[in-house]
Amino acid sequence: MPTIPPTLFPLRRRARILIAAVLVLSAAITALLCFSGLRDFSLESATTRTLTFHAGPDRLSGTLILPRDVAAPPVALFVHGDGPQDRYSDDGYLPFINQLLDQGIGVFTWDKPGVGRSAGNWLDQSMQDRAAEAMAAYLRVRSEPGVDAARVGFLGFSQAGWVLPIVASRAQPAFTVIIGGAVNWRDQGAYYTRKRLQAQGVADDEIARRLASERTSNDALFGEPRPLADVLAARPDMNPARARYVQRNYLSDASGWIPKMHGPVLAVWGEMDPNVDAAVNAERYRLLFAGAPDKRVMLVPDAGHVLLRAPQFNDQIVSDWTLWKKLRFMLLGRAAYVQPAVRDIANWIKQAAADH
């Protein structure tokens, strides 16, 4: 049996030590990355307080989140997109919020009516109702001790694109940021359906046929007042509360409100948005802004609907995420977002609030 020369023993020992060191280092780096991402789902570095306010008959509850050691910071009121969202959107907002906190920007965000600790039912709302609710939140936060009323503004996602133009036409916010908003409800719905059918591999001519048929049907059902029973008879797949919600909002169009918005406005889209036609809506905003120097449009490469990195997180709805994708989002935290875009938004808010 051959023997191993004595001179190789130190080499084998060094190799084992090197391998062990690499494994320990890899584990440490992995743990660091995981810890770094998970930290973004905590608000330990901020001060928080619960605020309540009334919108119509409903008492709503939210959280004011302020960066520590920053006197009278700008405060962004978060306005949700569609769906039954709580104040942190099932914690999905937290990495975004922490990025704003790191830049010295506070946030106020609240549970939608009927969600979390808020009374009411968000499905009973029109976009005008949602605007009145956002206005009530704005007035409440401006009156809070330690908040500079002149530095309070809005940051909204998706459906907020039909809410915030109304609010900013009636108030004087320090700033308004709209992320992934659409101008016209009907056009946005058609685009959403087109992208969904394309993802399913449906041929272009069949997509065009289905979209035309759907537009005709929807216009007849939702474009004019009809008894809810008629709508449900034609669309038995729809929940009655959702059908009423669509009836209230189907003709929503922000084009009449956008030119009237007061204060600085930043309209942002991810170029790979699967829900809203980014290029078309960005151009509509540019035209409606009519070159106003305090209005800006921004298209973000490689970003999806709420500025998450695409294509890693570019599903149309979060409920489509696999378990692995959810875990990946948690481990990445703020790194799941397109970082330059979030930094640009934070810098723009700070500048807008300083100039207000």
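# Exercises on strands, helices and a salt bridge

Ala-76 stands opposite Gly-153 in E5. Helices (H or I, at least four residues) and strands (E, at least two) are DSSP runs, numbered from the N terminus. This is a predicted model in which local features need pLDDT of at least 70 and side-chain atom pairs count only at pLDDT 80 or more, while totals for chains, interfaces and linings use all residues. Residues are numbered from 1 along each chain as its sequence is written, and side-chain values use heavy atoms, with hydrogens and water left out.

**Exercise 1.** Determine the sense in which E3 and E5 pair.

*Solution.* Step 1: locate E3 at residues 75–79 and E5 at residues 152–157. Step 2: five bridges link these strands, in the parallel sense; strands count as paired if DSSP finds at least two bridges between them.

**Exercise 2.** State the strand order of the sheet and find which strands stand at the edges.

*Solution.* Step 1: the eight strands run E1-E2-E4-E3-E5-E6-E7-E8 in an open sheet with mixed pairing. Step 2: E1 and E8 (295–300) are the edge strands, each with a single partner strand, so one side of each has no neighbour in the sheet. Step 3: from one strand to the next, the twist averages 20°. Step 4: H2 (residues 94–102) packs on the sheet and touches E1, E2, E3, E4, E5 and E6, contact being heavy atoms within 4.5 Å. The direction of H2 makes about 50° with that of E2. Step 5: H9 (residues 278–289) also packs on the sheet, touching E6, E7 and E8, with its direction at about 165° to that of E8.

**Exercise 3.** Describe the hairpin of E1 and E2.

*Solution.* Step 1: E1 (residues 46–55) and E2 (residues 58–67) pair antiparallel over ten bridges. Step 2: Thr-48 is opposite Ile-65 in E2. Step 3: two residues separate the strands, and Gly-56 in the turn has a positive phi of about 60°.

**Exercise 4.** Work out how H5 and H6 pack.

*Solution.* Step 1: H5 (residues 185–199) and H6 (residues 204–222) pack at about 145°, with axes 10 Å apart. Axes are lines fitted to C-alpha atoms, for helices over the stretch in contact, and angles run from 0 to 180 degrees between N-to-C directions. Step 2: the contact includes Arg-186, Ala-190 and Leu-197 from H5, and Ile-207, Leu-211 and Glu-214 from H6. Step 3: by class, the contact of H5 with H6 has four nonpolar, two polar and seven charged residues (Ala, Val, Leu, Ile, Met, Phe, Trp, Tyr, Cys and Pro are nonpolar, Asp, Glu, Lys and Arg charged, the others, Gly among them, polar).

**Exercise 5.** Identify the parts that the salt bridge of Asp-187 and Arg-284 ties together.

*Solution.* Step 1: the side chains of Asp-187 and Arg-284 meet at 2.9 Å, N to O; the cut-off is a side-chain nitrogen of Lys or Arg within 4 Å of a carboxyl oxygen of Asp or Glu. Step 2: Asp-187 is in H5 and Arg-284 in H9, so the pair joins parts 97 residues apart in sequence. Step 3: the whole structure has 15 salt bridges.

**Exercise 6.** Find the backbone features at Pro-311 and Asp-91.

*Solution.* Step 1: the peptide bond from Ala-310 to Pro-311 is cis, with omega near 5°. Pro-311 lies in the loop between E8 and H10 (323–332). Step 2: Asp-91, in the loop between E3 and H2, has a positive phi, near 75°.
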